[in-house]
Amino acid sequence: MIVKICGITNARDAATAIHAGADMLGFICYPPSPRYVTPAQIAEILKAVAPLPERLRTVGVFVDASPDTIRDVMERSGLHLAQLHGGEPPAVLETLAGRAYKALRPTSLPEAEADVEWYAGLGPEAGPDLLVDAYHPAAYGGTGRRADWEIAAALAASCRLLLAGGLAPDNVAEAISRVRPWGVDVS
C-alpha cells in the first residue's frame, strides 16, 4: 500500500512523514490554498531532509497551471511528479510525458468512468494512474470531505488508484478494505 502525505509546509513535517514510512510527499503549488508553498520553500524543505529515501517520490499539486509553469516549478523545487487537480485536459498530461497524473472529483460513476477513459493511460509508469478525491463545488481538495468510496472502488478495479478525501486514522483501514486502492493520500 502506497502512502502519500500531502500538504507538507515545513521540514519538520516532511521528516516526520519520511520517518513514518511515507512513499510520497505532497506539496501544494496552488497559491490560493492555505497550504501553498513556493518552489523555493519546497527546495529548502527537500534540502533539509536530504538525502531522500530512494523509494520516496515528491509531488506538486497544481490546479489549472500551464505545462510550462508546472515544468518550471518541478525543476526549481526538485519535484518528481505533478498531481493535476483542476480541469486540465489529457493534452496537459501528455505534454508532461509520464511525470503527471490526474486527480478526479467525480459526482457520479458515469462521469468517473468517462474520466478514466481520458486519463488512465497517461500517468507515470511507476506512479498512480489517477487520484480520486471528494467533490466540492468551490474547492479543489483539502476539504476533509470523504470521497465516494463506491465510485473509487469501481475505478480501483481497473487502474492504480490513489484514494484521497476525508481519510483519517479512524476510517483509513475501512477505506482500504472497501476500495482496494493502489494507495492512500492523507493531509
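I take contact to mean heavy atoms within 4.5 Å. The model I consulted is a predicted one.

**Entry 1: helix H5**

I looked up which residues of helix H5 (residues 109-119) are buried, and found Ala112, Asp115, Val116 and Tyr119. These residues span an arc of only 105° around the axis, and therefore lie on the same side of H5. I then examined what this buried side meets. The buried residues of H5 pack against helix H4 (90-95), strand S5 (100-104), strand S6 (130-132) and helix H6 (149-156). On the face of H5 turned away from its buried side I noted the exposed residues Pro110, Glu117 and Trp118.

I also inspected the N-terminal end of H5, which is capped by Ser108. A side-chain oxygen of Ser108 lies 3.2 Å from the backbone nitrogen of Glu111.

**Entry 2: helices H6 and H7**

I turned next to H6 and helix H7 (residues 172-179). Their axes come within 8 Å and cross at roughly 50°, which makes H6 oblique to H7. I listed the residues that form the contact: Trp149, Ala152, Ala153 and Ala156 from H6, with Glu174, Ala175, Arg178 and Val179 from H7. Sorted by class, this contact of H6 with H7 has six nonpolar, no polar and two charged residues.

**Entry 3: Gly123**

I located Gly123 in the loop between H5 and S6. Is Gly123 buried or exposed? Its relative accessibility is 16%, so Gly123 counts as buried, the cut-off being under 20%. Leaving aside residues up to four places away in sequence, I found that Gly123 touches Gly98, Ala100, Tyr101, Pro128 and Asp129. I also checked the separation of Gly123 from Thr16, 107 residues apart along the chain. The C-alpha atoms of these two residues are separated by 28 Å.

**Entry 4: Lys4**

I placed Lys4 in strand S1 (residues 2-5). With 0% relative accessibility, Lys4 counts as buried. I asked which side chain makes a polar contact with the side chain of Lys4. The partner is Asp185, at 2.6 Å.

I then recorded the surroundings of Lys4, again setting aside residues up to four places away in sequence. Lys4 touches Met24, Gly26, Val59, Val61, Gln83, Tyr101, Leu162, Val184, Asp185 and Val186.

Key: Residues are numbered from 1 along each chain as its sequence is written. This is a predicted model: local features need pLDDT of at least 70, side-chain atom pairs count only at pLDDT 80 or more; totals for chains, interfaces and linings use all residues. Side-chain values use heavy atoms; hydrogens and water are left out. Buried means under 20% relative accessible area, exposed over 50%, partly exposed in between (1.4 Å probe, protein chains only). Helices (H or I, at least four residues) and strands (E, at least two) are DSSP runs, numbered from the N terminus. The arc is that of the directions from the helix axis to the C-beta atoms. A polar contact is a pair of N or O atoms within 3.5 Å; within protein, one must be able to donate a hydrogen and the other to accept it, and residues adjacent in sequence count only if both atoms are side-chain atoms. Axes are lines fitted to C-alpha atoms, for helices over the stretch in contact, and angles run from 0 to 180 degrees between N-to-C directions. Angles under 35 degrees count as roughly parallel, over 145 as roughly antiparallel, 65 to 115 as roughly perpendicular and the rest as oblique. Ala, Val, Leu, Ile, Met, Phe, Trp, Tyr, Cys and Pro count as nonpolar, Asp, Glu, Lys and Arg as charged, and the others, Gly among them, as polar.
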